[in-house]
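Dear colleague,

I am handing over the structure below, and would ask you to look it over before reading my notes on helix packing and aromatic pairs.

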Amino acid sequence: MLTVEKIGGTSMSQFADCLNNIIKGKRSAQQMYNRIFVVSAYNNVTNWLLEHKKTGEPGVYARFLNNEDYNIALDELQEKLLSINKELEPIGLNLQEAESFIKHRIEQAKTYLYSMYKVIASGYVEKSHIYLAAREILASLGEAHSAWNSTNILNNNGISACFIDLCGFDDNEPLTIDQRIHKAFQDIDFGKTLCIATGYTKGTEGIMRAFDRGYSEVTFCKIAVDVKADEAIIHKEFHLSSADPKLVGIDKSIPVGQTSFVIADQLADIGMEAIHPKAAKPLELAGIKIRIKNTFEPEHPGTLISNEYVSPKPRVEIVSGTDKVIAFEVHDPMMVGEVGYDLKIMEVLKKRNVSYILKSTNANSITMIAWDKPQVHEMLKELSEIVYELKVQPVAIVCAMGTNIAHPGFLYTAAKALSDNNINIECFGQSMRQVNMQFVIIRENYAKAVIALNDALCCQ
C-alpha cells in the first residue's frame, strides 16, 4: 500500500519521536518503504520567516516589506536553524553537511531578494507581485531545512531516503505546481526508497496566493493525487477528538474514529482544521481517504475521513467552536417583505473580503457571525453607514457535529445541556443537511458550553 504522509511542525520539532514512532515503528525493513513524507518546517520557523500565525509578530518578511535590513534578519534566522541542527545531531544529523546546505540556501534567498529589491526600486513593476514572490521564497526555506535534515538523518540510520526538493531554487523551469510534483516523482521506485518532500512547492501560479500558510497541505494533497496513493495520513501531536482535551479533560475527550469530509469542512469553517478544506478537495474528489494520527500514540489507528462515511448509529461526533468571533445584526423595520434586502450587506462583505460563519434571519433582522479581525471591523464601519441599525457584540460559537444527527432529540438534548448550565443561546443555525448545530453564546461561557455539550452528546 502506497501512502503519502504529512508531519506537522510541532511533531517535526520532536523528530526523535517521529523517527521511532512514525518512520520506524514496528516495521520490517521492507515495510519501511512505499511511503512519501511531506514535512513542515520545524515549530516556529515559518513564524520567524513570515509572521507569527497567532500573534502577528513580524518576521523576516516584514523587514523586506518595510525596506529594512532583511539580510541581518536572515543571518539571525540562520543561527536559530543551526541551533536546531545541533539538537538533531544525537539522532544522526551530520552537522557539517547540514550547515553547508542551509547556509547555501539562505545565500541563494538573499540573492533572489536583492534582485527583487532592485526591481521594486525601478518603479516599473507592480510591487504586490514582487512582495508575494518574496514571501514564497522565504516560506520555502523552512521546509527545505527540515526536509533535507530528515533525509540526512534517515540515511545515517540505515534507511534509504531521497530528498525531494520542490522549492525550485536551482532551476528556472516555468512549471505549474502539478507539473513540478509530477516531474519530481515520476521515476522513483517507492518500494526501494523513502521520499522526504518539502511542504512548499514552487509553481507559476504561486502556491500561497490561494492558500497562504496552508501551502504544505496543498503539496501533501497534490502529491497523494499524483501518485495515486491508497491513503493520505496526517501526523499531529493530538488525536482528532470529540472535544478539546484542554477544556473537557483527557478522560472525556474521545478519539473520533471515523468521520466524513463534510464534517472536516465544518471544522475548518470554525478554524479547527483537520486539513485545509480547499487543499483536501482533490483528495475528496479522487476518493483518497485521510487518516489523522497522533505522533505519540503510533499504535492507535487514529481517525479516518472518507467520502462515504455515515455513522451506523445516530451520534454527535465532535463538539468544537471558537471564542474569537463577533455577531453583527442589521435591523430595519422596512426589511419585512423586501426582496433582496441582504444583497447590499453581502456586497460590503465581498468588497472587504469578509466571509461569515453563520447567518440567521427573521422578518426585520439579519444576524451574522464573523471572525473578530481588524478587516471585519473596517467592514462594519462601512456597513453602519448604509443600514438602519447595526448592533455588534463579541460572542463565541459552539458546534455539535455528526454524520448522523438528523433525528429528533439531538437539538433538545443540546439546548437542555446549555440551559442546565445557565447558558443562553443568543443565536442558532442549522441547515437542512443537519450535520452541524451552531450555537452562538456570550463569549465568557465558551469553555463551559463545550464541556456541557461534550458531556451531554459525546460521553453518553
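**Helix packing and aromatic pairs**

Helix α2 (residues 15-24) packs against helix α7 (residues 127-156) at an angle of about 60°, their axes being 12 Å apart. This is a predicted model, in which local features need pLDDT of at least 70 and side-chain atom pairs count only at pLDDT 80 or more, while totals for chains, interfaces and linings use all residues. Residues are numbered from 1 along each chain as its sequence is written, and side-chain values use heavy atoms, with hydrogens and water left out.

On the α2 side Phe15, Leu19 and Ile23 meet Ser150, Ile153 and Leu154 of α7, where contact means heavy atoms within 4.5 Å. By class, this contact comprises five nonpolar residues, one polar and no charged ones.

Across the whole structure, a search finds eight aromatic pairs (ring centres within 6.5 Å; planes under 30 degrees apart are stacked, over 60 edge-to-face and the rest tilted). One of them joins phenylalanine 64 and tyrosine 131 edge-to-face, at 6.2 Å centre to centre with 90° between the planes. That pair links distant parts of the chain, as phenylalanine 64 lies in helix α4 (residues 60-65) and tyrosine 131 in helix α7, 67 residues apart. Phenylalanine 64 is buried, with a relative accessible area of 4% (buried means under 20%, exposed over 50%, partly exposed in between, with a 1.4 Å probe and protein chains only), and tyrosine 131 is buried at 17%.

Key. Axes are lines fitted to C-alpha atoms, for helices over the stretch in contact, and angles run from 0 to 180 degrees between N-to-C directions. Helices (H or I, at least four residues) and strands (E, at least two) are DSSP runs, numbered from the N terminus. Ala, Val, Leu, Ile, Met, Phe, Trp, Tyr, Cys and Pro count as nonpolar, Asp, Glu, Lys and Arg as charged, and the others, Gly among them, as polar. Rings of Phe, Tyr and Trp (its six-membered ring) pair if their centres lie within 6.5 Å; planes under 30 degrees apart count as stacked, over 60 as edge-to-face and the rest as tilted.
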